[in-house]
Amino acid sequence: MVRAQAPSIAAHWLAAAKRAAHSSDLALYSDLAETLVQVGRLTEAPEVADEGVSLGTGTDLDRRRLHLAAASVDRLLGRHDASLRRLTRSLAETSGHDGRAEVMAALALSAYERGDYGAMAQWAAEVHADDSMDPLVQGVGAALLAIGHRFTGLESESAAGADLAVRLVFEASDAELAARAELVVAIPWALVSVERLSDGLSTARRASTSASRAGNIAGAVPMLIAEVLALGLLGRIGEAVSAADQTELAARLTHHEQSLQWALWMRSWVLLDAGALDDALAAATESVTLAEHLDDSALVTIGNAVLGSALLAAGRPAEARPLIAAYDVEPGWIARWAPRLVEAELALGDVDAAGRSADRAREAAATGLSGALAATERARSMVALARDDQASAVRLALSAVERAASTGATLDEAQGRLLAARAMGSTNTAEAVRHLTLAHELAGDGGARRTADEATRELRKLGRRLRVDQPRAPPSRHSSRPAGERAATFDLSPPAGGASPS
């Protein structure tokens, strides 16, 4: 009776009932295991599940609930192989169609986190075809199927699945979202994957709030991480850093290495764009160290790529290159990592390898996602510039700017403008200055100090002087600049005593 409002109390009473009765009824074990997961007591839940399964009595429904509870714990703790074995066993034991959709949704989520996109699409399609009456299970299937549709060029089908998933999250009650937190995490992550960034942000916040209120911090952490990612991709780096700090704290409170490993590389990623290189490098290093104790998964691969990015920013391209190059999971992110891989290869003087990496990213971006295409074009522009093909470098960079602007990805737009200005060089100084000024404003307003500082350096190379204006009006809610802080702008007049270089 109290579980929906006070799951921690419910878990305490169920554990007491189990000790007192020594019941052989699986329903008590499945109730207790699910409630333990719901409140984040992950080390106890698998023990209860294994004890219940060993009894061998009870309904198929209760056995399935035990397997699902234990599998979700294994997945949250980074034991992906064990989770897959439990789910496969549960599906084999499930007779008829009753309850199969939930198991298949869990299998789709497991495949997603392992980076097995073929299996993810297969299981998500099975969920979509099932007539399950649980809306959130259907939402998970629809969200993951949206990724599969987008990667195979079925854009309208992908959009329809994403729309359905968003609607079902906001129609669900807090209690429903909290009870399904371990599955619902798939929805914001899938929405970000198909570049529905604002929807990914709103669903992550809605679901993580419900899980946290129920005391399920372990279930909330992956959705808090999705919030950080969405903010970062939108270029709202100042907000992303604050969210990442809170997420790392929550992950440490869970005492689960997988959650912390995940939170650390995400924090490192946004700290790098914020210009906090030392902190970014420390967080990425800790994440990779933690990953040594976890099953191999997409989360481990990404952690290595983030560390590679931090090493590259620290001027260590030889160490960075293999870590970034090893990323081979999601096609869209193969494209997104390409500019950093190309930067490392160019720093090592290997223009041919940089060209091959850019070509690989171009193939991966065949999904048509604007963010992935923009990153690919930036990578190709860098290679063209290294080959002294200035015209192609400018064209590709400006195309990347347009694609990034279409999705509201302000940091990507700023980086495209920065690259376009570099390619223009002294041949069109006035236009280069315009792009650099816009890049500085876009990056600075979002708190992306690293890109803003790069724009500052490039402007100084063109002889433009930095000055400080009067305080601006209070910022919008998306700005990371405190109200009243002076805004840096540029004196666009040519240097005193000389004509304009253009």
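Glu195 is found in the loop between helix H12 (186-193) and helix H13 (197-213), helices being DSSP runs of H or I of at least four residues and strands runs of E of at least two, numbered from the N terminus. The model is predicted, so local features need pLDDT of at least 70 and side-chain atom pairs count only at pLDDT 80 or more, whereas totals for chains, interfaces and linings use all residues. Residues are numbered from 1 along each chain as its sequence is written, and side-chain values use heavy atoms, with hydrogens and water left out.

Glu195 has a positive phi of about 65° although it is not a glycine. Most residues other than glycine have a negative phi. Glu195 is buried, with a relative accessible area of 16%; buried denotes under 20% relative accessible area, exposed over 50%, and partly exposed the range in between (1.4 Å probe, protein chains only). A positive phi of about 65° is also found at Asp388, which is not a glycine. Asp388 lies in the loop between helix H22 (370-386) and helix H23 (390-407) and is exposed, with a relative accessible area of 72%.

The secondary structure of the protein comprises 26 helices and 2 strands. Of the 502 residues in the protein, 57% are buried. Among contacts (heavy atoms within 4.5 Å) with a separation of 6 or more, 65% are between residues 24 or more positions apart.

The largest nonpolar core has 140 residues, and those with the most contacts inside it are Leu144, Ile147 and Trp189. Such a core is a set of buried Ala, Val, Leu, Ile, Met, Phe, Trp, Tyr and Cys residues joined through side-chain atoms within 4.5 Å. Leaving aside neighbours within four places in sequence, Trp189 is in contact with Tyr112, Pro222, Ile225, Ala226, Leu229, Trp262 and Met266. A second, separate core of 19 residues includes Tyr29, Val37, Val53 and Val73.

Helix H16 (residues 257-274) packs against helix H18 (residues 298-313) at an angle of about 30°, with their axes 9 Å apart. Axes are lines fitted to C-alpha atoms, for helices over the stretch in contact, and angles run from 0 to 180 degrees between N-to-C directions. H16 is therefore roughly parallel to H18, given that angles under 35 degrees count as roughly parallel, over 145 as roughly antiparallel, 65 to 115 as roughly perpendicular and the rest as oblique. The crossing of H16 and H18 is left-handed, that is, the near helix is turned anticlockwise from the far one by less than a right angle. Residues making the contact include Trp262, Trp265 and Trp269 of H16 and Ile302, Gly303 and Val306 of H18. The residues of this contact divide into 10 nonpolar, 5 polar and no charged, where Ala, Val, Leu, Ile, Met, Phe, Trp, Tyr, Cys and Pro count as nonpolar, Asp, Glu, Lys and Arg as charged, and the others, Gly among them, as polar.

The axes of H16 and helix H17 (residues 277-291) come within 8 Å and cross at roughly 155°, which makes H16 roughly antiparallel to H17. H16 passes H17 in a left-handed crossing. Among the residues in contact are Glu257, Leu264 and Arg267 of H16 and Asp279, Ala283 and Glu286 of H17. The contact of H16 with H17 divides into 11 nonpolar, 3 polar and 4 charged residues.
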